[in-house]
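This report is an introduction for a reader who is meeting the structure for the first time. Please look over the sequence and the model before reading on.

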Amino acid sequence: MNSNHNDTIIIGTGIAGLTAAAELSARGRKVLMLEKNDSTGGHVGQWSVCFPFGISGRELAESILPQSNANVSIRTRSTASAISTLPDGSLSVSCTDGTAHSARTVLLASGYGMFDARLKEELGYGIYPGVLTSEDIERQWQKGERPLAGHSNPRFAIVHCVGSRDLKCNIRHCSKVCCMVGVKMATEIRQRYPDSQVTNYYMDLRMFDNGYEELYHDAQLNYNVQFVRGRISEVAPTNDGRLYIRAEDTLLGKPLRDKVDALVLMIGMSAHEPLHVDGEPMNRSINGFVGTASPVQINLTATPGLFVAGAAKGPMNITEVLADARAAAAETDKYLSR
Amino acid sequence: MITPDNFNIFVIPFTLGMTFVIIWLLATIVRLWRHMPQADRRRVRHSILTVSTLRAAGEIVAEVLIHRRIWKRNKFLGYMHMSFAFGWFMLIVVGKFESLTYTGNHFNPIWYPLFFKFFVPGEHEFFLSAFFTQAMDLWLALILSGQILAFVKRRMPGRTIGIRPRHTAVNRAALTALWFIFPLRLAAESVTAGIHGGGGFLTGTIGQAIAGAPVLDSLFMPLWWAYSISLGVFFVLIPFSRYFHIPVEGFLILARHWGVSDEATIRTLETLACSACGMCLRVCPRAQGDAPRMQPVYFIERLRAGRDNDNDVWGCLGCLRCEEVCPVVVHSTQIRMARKMQAVPQRRPQPAPAPVPQARQGVDVALFAGCMGKLTPGTKAAMNRILQAAGLAYAWVDEDEDLCCGRPLRLSGRTGEAQARMDRLKTALLALNPRVIVSTCPICYNMIRAAISARPVLHHTDFVAQLIDEGRIAVGRSAQTLTYHDPCELSRMADISSRPVSTLAKVGTLKQPDECGRESHCCGGALGGLAVAGHERTRLMTATADYLQRPGAQTIVTACPLCKKSIAQHAATPVVDFAEAIAKSLKTSSINQ
Ligand code: SF4
Ligand code: SF4
Ligand code: SF4
């Protein structure tokens, strides 16, 4: 099916795609959105609470793009597989279901993948039931589930930088948001399980944005969260079904052992396999995410008419994604007006 | 007696060169002998008149002359090496007998057989003279055929030869001299035959063809001079070039057969015996990228010149692929090890007191996961299931204590400290008083089996295979397809490769890549190679992960925690340990036992 009447095809309906769609439709552009999953909202749409907004990810995503919008049509379960330039300069996106869609511009808002925690086998994900990822916990909470319901005084350990800043996984980049998410999660655990104890194991805390540092202080002062600088080196099951962890406190220079009920891994963002554009894999930046045309053209790729927005370019927090998506929409609009 | 019949001034370059190389070789051997420990010298004295010398002689013929190991790997290279070595050897031997038969004198001057056709030109009737003439031409033809082949290949580097090593200046000079020798001999003898008649099917035929040409007389002396000079230059360069391997390899083979155990002696001989054939270059995973070259062929060449660098010493992964194919069996990783030990201060600390797990003494099986094993708890969990199914009492010796086999320290040249770690591990293992010691890491396994002889030491692949063979556990076969990756430390170092495969064949269908077993690729994670940059590791790991996915099996199985980590990180196909593959296929009846 060819739908040539669209001005823009947006790949991905996470908060980047939704924001750009809202901007472009407000400027009178017709937008087709392709989403590989069953519903819109992306990763953020699955989070129970978003810092510092204090609302759930679903609410946040829904507030971006009003439900019915005459200029925007959304196709779910459509996975874009390749992009090609047509003779008239417009772009065609082919999907794995065999359909192809064309428009004068394409905006890539395909976001990121989550690091597969099984690759850090030493942390026991997929081997010991008590080991969870940040994504697992968010999902369970959002569904209203309560992990570790039966435990009294549950002990939690939160591990930062799993699949980020780890040469052993050949991943150098910092995923930027997981420090904040890890601290936020620690306070949330303390709220949900008032008799719990939480310790965060970090390499260094990168509390860079508005309100982050305050969150960190709050976690220590009001929620009694413990912070240990060091990596967990080993996880083993105990006879009573808990987890035995070993780490090094690198501030004290001492080895450290503990028994916990749950180990939460703050898994990082990883780049998707690059899409093929005109038969070649797309340019990638140093961290493997989508690369842009130049340091100044932060939303244009090397292909004319093909734009990129949000965390497809590398880790970003929600505020940054919103700003970047608006910029990308403005660039796309400018291109369409030429 | 030196007379005009057997001397001409042109023989001097050759004679000087030959004398020089003989003196140099003798000096080298005497120096090695002097540095050899008493025990080894005694061993040599006792072995000289035994059958081991004969065996060595057999190997010398097979390897130094025929180059059997090169033939097995690469017919083309084999022919080239054989044509030079065997052809030249036969020229010398037959030439010796020719001059002996002709003069009836055992003590002809050293140059006489070589320049026989100069001193005795034309046709002469003596015992077997026709045979000698034809035979000498045959050997010359053999050498020249190898040379023509080599020349053609040089013009069109193709598949057979693969990557060719780039040699140093002195090696190139020696090679140039060598390339001139035999064509010049052909020319000198042909011209001689052209003037005086005689000669065999090669020189004689050419001689007849050019007979009567007016230039022959003016070419005669210059060609014999050139032949002698090229020989002389080549011989003088021998001790400084890779061609020193020609005389030294024989001594290396003798030393091995005589049981010389002194590492330094063997290492020196191996260093000198490397022929720079470049076979190691073709298999080294590090040769595929753009990293600076450190393969044995280059490392040894620089080591001989006393100019080996950090990358040579610290840039080798220790995967042993090179040693597997080396026709001289040069243990280059040991040579590097010795260099590492020179680079790092040596100390031998007291081992820390070992944990003595009183409560668990007297187990059937003492298990050791090792530091890498801690990174793969899935393997440990699988072994627990298997051992429980087998109904055996077991204990992991490093359950709550950090123990180390010492290998990482050893590979960084700190052998004394490594030994202290091993001593501690040994005490802890034996304190359990186990019937058998099992390690799930091939690296630790190699270390432990070298250190402990009081108990059987097994790698877990062997141990689990034994449990199945003895009927202690039962496994079921499913439709799954598996590709087994042979870890370097298990296949090449411990020679365990067929049993894991035949055991896995009991639980699924194997799809092996072309190069497996002792020829397997290195996962790229090998513990050596401290100087290998991160991006190169990634390249190595990706290449091997891709290679293992080519047969298209559903699961990749390996038997080393390091391999598992390296491959899993870069493969889309799931990667499991051997123990996990077996544990998954345990028959429930055997679990309930
Ligand atoms: S944000 Fe924090 S936890 Fe996340 S990768 Fe960066 S340093 Fe690690
Ligand atoms: S180390 Fe062995 S394989 Fe390598 S060049 Fe020397 S002889 Fe050949
Ligand atoms: S051991 Fe492996 S990495 Fe080292 S030189 Fe040999 S083949 Fe190359």
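## A loop residue in chain A

Leaving out residues up to four places away in sequence, A:I55 touches A:S48, A:V49, A:C50 and A:L60. The position of A:I55 is in the loop of chain A that runs between β2 (31-34) and α2 (57-64). With a relative accessibility of 28%, A:I55 counts as partly exposed, because that class covers values between 20% and 50%. The model is a predicted one, and this applies to everything described below as well.

The residues around ligand 1 are A:H160, A:C161, A:S164, A:R165, A:C174, A:S175, A:K176, A:C178, A:C179, A:D204 and A:R206. Two elements of chain A, β10 (155-162) and α4 (178-192), each give two or more residues to this shell. Sorted by class, the shell around ligand 1 has 4 nonpolar, 3 polar and 4 charged residues.

## Chain B as a whole

Chain B has 593 residues, of which 56% are buried, and its secondary structure comes to 29 helices and 8 strands. Taken along the principal axes, the box filled by the C-alpha atoms of chain B is roughly 95 × 55 × 45 Å. Among the contacts in chain B with a separation of 6 or more, 74% are between residues 24 or more positions apart.

## Two helix pairs in chain B

Two packed helices are described by the angle between their axes and by the distance between those axes. In chain B, helix α5 (residues 75-103) and helix α7 (residues 129-155) pack at an angle of about 155°, and their axes are 8 Å apart. Because angles over 145 degrees count as roughly antiparallel, α5(B) and α7(B) are described as roughly antiparallel to each other. The crossing of α5(B) with α7(B) is left-handed, and their contact has 20 nonpolar, 8 polar and 2 charged residues.

The other pair consists of helix α14 (residues 296-304) and helix α17 (residues 332-343) of chain B, which pack at an angle of about 45° with axes 11 Å apart. With that angle, α14(B) and α17(B) are oblique to each other, and their crossing is left-handed. On the side of α14(B) the contact is made by B:P296, B:F299, B:I300 and B:L303, while α17(B) contributes B:S332, B:I335, B:R336 and B:R339. By class, the residues of this contact divide into 5 nonpolar, 1 polar and 2 charged.

## Buried places in chain B

B:S190 is found in helix α8 (residues 169-196) of chain B, and at 3% relative accessibility B:S190 counts as buried, since the limit for that class is under 20%. Apart from its neighbours within four places in sequence, B:S190 is in contact with B:T203, B:I206, B:G207 and B:I210.

Helix α27 (residues 561-568) of chain B has 8 of its 8 residues buried, so α27(B) is largely enclosed by the rest of the structure. The buried residues in α27(B) are B:P561, B:L562, B:C563, B:K564, B:K565, B:S566, B:I567 and B:A568.

Notes. Residues numbered from 1 in each chain as written. Chains lettered and ligands numbered in written order. Predicted model: local features only at pLDDT ≥ 70, side-chain atom pairs only at ≥ 80, totals over all residues. Heavy atoms only, no water. Near = heavy atom within 4 Å. Helix = DSSP H or I, 4+ residues; strand = E, 2+ residues; numbered from the N terminus. Nonpolar A, V, L, I, M, F, W, Y, C, P; charged D, E, K, R; others polar. Axes fitted to C-alpha atoms, helices over the stretch in contact; angles between N-to-C directions. Parallel < 35°, antiparallel > 145°, perpendicular 65-115°, else oblique. Left-handed = near helix turned anticlockwise from the far one by under 90°. Contact = heavy atoms within 4.5 Å. Buried < 20%, exposed > 50% of the residue type's maximum accessible area, 1.4 Å probe, protein only.
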